[in-house]
2 protein chains.
Amino acid sequence: MITLYDLAAASDGIRFSSPCWRVKMALKHKGLEFETVPWRYHEREKIAFSGSAIVPIILDGDSIVSESWNIAAYLEDQYPDRPSLFSGSGRSLALFTKRWVELIPAPLMAKTILPEVLELLHPDDKAYFRETREKLFGLSMEQLRAARDATLLQLRNSLEPVRSALTVAPYLSGLGPGFADYALFGHFMFARCMSSLQILEHADPVLVWRDRLLSAFDGYAARVPNIGP
Amino acid sequence: MITLYDLAAASDGIRFSSPCWRVKMALKHKGLEFETVPWRYHEREKIAFSGSAIVPIILDGDSIVSESWNIAAYLEDQYPDRPSLFSGSGRSLALFTKRWVELIPAPLMAKTILPEVLELLHPDDKAYFRETREKLFGLSMEQLRAARDATLLQLRNSLEPVRSALTVAPYLSGLGPGFADYALFGHFMFARCMSSLQILEHADPVLVWRDRLLSAFDGYAARVPNIGP
């Protein structure tokens with residue numbers, strides 16, 4: 001049984017971390033049993049054993065692995081007989097896609113919903129979260145809120161390469177989903193868990209793709225507590 | 001024998017179009033015989049038969065296909081027994097990569113070298129080229145030249161997802177190159193044909209990748225007339 005340290009909001013049941021969602025989808029994809037341990041930003045000592053200051057972290061027997069790409073590569077190499085996370089993408093384009101997500105849509109997604117996210121965090125996480133995010137983006141929560149509609153439009157526009165890819169296959173990874181899909185999908189789970197905003201327009205093919213992934217693995221992602229559409 | 005209409009500079013031998021380079025590399029990848037016809041922007045009537053106002057255009061028997069993605073998909077479907085353009089990437093992530101190239105690094109590459117490009121064009125193409133490009137970017141050639149060093153830095157930074165991908169494989173498409181690689185490589189051929197600028201730093205792994213593609217197919221791309229490194 002694999003253990004995943006999984007970022008939680010004030011409520012234990014709300015698990016909103018994009019990289020943790022990548023890992024949960026990867027574990028489901030591999031058909032591996034796992035349990036999650038809720039973790040908050042201020043609980044540094046709880047994960048000190050791992051050498052990482054942040055989740056996701058998995059324990060698998062004697063192995064400790066942190067960071068979503070490292071975990072995906074570990075699972076792929078450790079469980080080669082399970083369905084591949086990279087069969088439809090290759091390993092290098094899966095990593096390319098993950099880095100694109102982190103550099104282009106992810107910051108826009110964060111800037112769009114951070115003020116809402118802050119409200120739902122554990123009380124002991126709020127000061128840390130506000131300070132680090134305001135520093136990262138060089139904008140206060142109030143400025144982010146004021147710019148929200150413009151940022152949302154930028155976010156939607158940034159997904160254009162995904163829309164192109166979805167004209168030729170149902171997933172970024174082709175006929176079935178893979179890590180390239182989960183790399184982006186994690187951020188839509190972040191939004192769904194923590195924001196009431198309609199991130200994607202109803203006619204957007206990216207929404208159709210998102211909904212396919214919500215339904216995957218018997219609706220695993222669709223069933224978790226959420227406040228968003 | 002396939003015929004490719006291929007954008008040329010003032011000199012017949014200088015073939016600098018990024019999308020035409022994607023097609024030439026795809027034809028080489030497929031091992032298909034082809035001849036190229038030099039074409040310039042002002043020769044609209046020469047390609048009117050195709051319904052397209054711009055190259056690349058290929059003639060293959062009775063088939064006329066334009067635009068680099070359409071051509072790649074055509075070649076893949078028409079010649080399925082030849083080496084696949086998408087085997088290491090999947091078709092959807094190859095298209096994703098192409099669109100990313102067009103939206104992020106390609107405009108930065110163009111803005112970096114356009115003043116140099118203008119110098120080498122056919123005299124009858126210069127006015128059209130200056131007007132359309134200045135309108136596209138909202139900047140004059142003089143403004144582009146003044147901003148060149150800053151734009152070049154942005155271009156190098158924009159390639160970060162490629163650098164990540166190249167940490168796990170020699171090509172975006174994995175162990176061997178594919179259309180995802182050619183989609184980006186075309187723009188480096190554009191620069192090599194038309195600019196004396198050192199686009200990539202010597203230690204950049206993207207340069208190692210570029211040089212591998214220059215050497216591919218018995219050095220096909222390395223042999224053409226060029227003014228850049």
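**Two chains and the contact between them**

User: How many residue pairs are in polar contact between chain B and chain A?

Analyst: This is a predicted model, in which local features need pLDDT of at least 70 and side-chain atom pairs count only at pLDDT 80 or more, while totals for chains, interfaces and linings use all residues. Residues are numbered from 1 along each chain as its sequence is written, chains are lettered from A in the order in which they are written, and side-chain values use heavy atoms, with hydrogens and water left out. A polar contact is a pair of N or O atoms within 3.5 Å; within protein, one must be able to donate a hydrogen and the other to accept it, and residues adjacent in sequence count only if both atoms are side-chain atoms. Between chain B and chain A, with both residues at pLDDT 80 or more, the count of such pairs is eight.

User: Which residue of chain B forms a salt bridge with R99(A)?

Analyst: A salt bridge is a side-chain nitrogen of Lys or Arg within 4 Å of a carboxyl oxygen of Asp or Glu, and the count between chain B and chain A is two. In one of them, the closest N and O atoms are 3.9 Å apart, and the partner of R99(A) is E160(B).

User: What is the area buried between chain B and chain A?

Analyst: Buried area is the accessible area (1.4 Å probe) that two parts lose on being put together, summed over both. Carbon and sulfur atoms give 76% of the area between chain B and chain A, which is about 2000 Å². In chain B, the residues that lose the most area to chain A, together 33% of what that side buries, are S92(B), L93(B) and F96(B). The value asked for is thus about 2000 Å².
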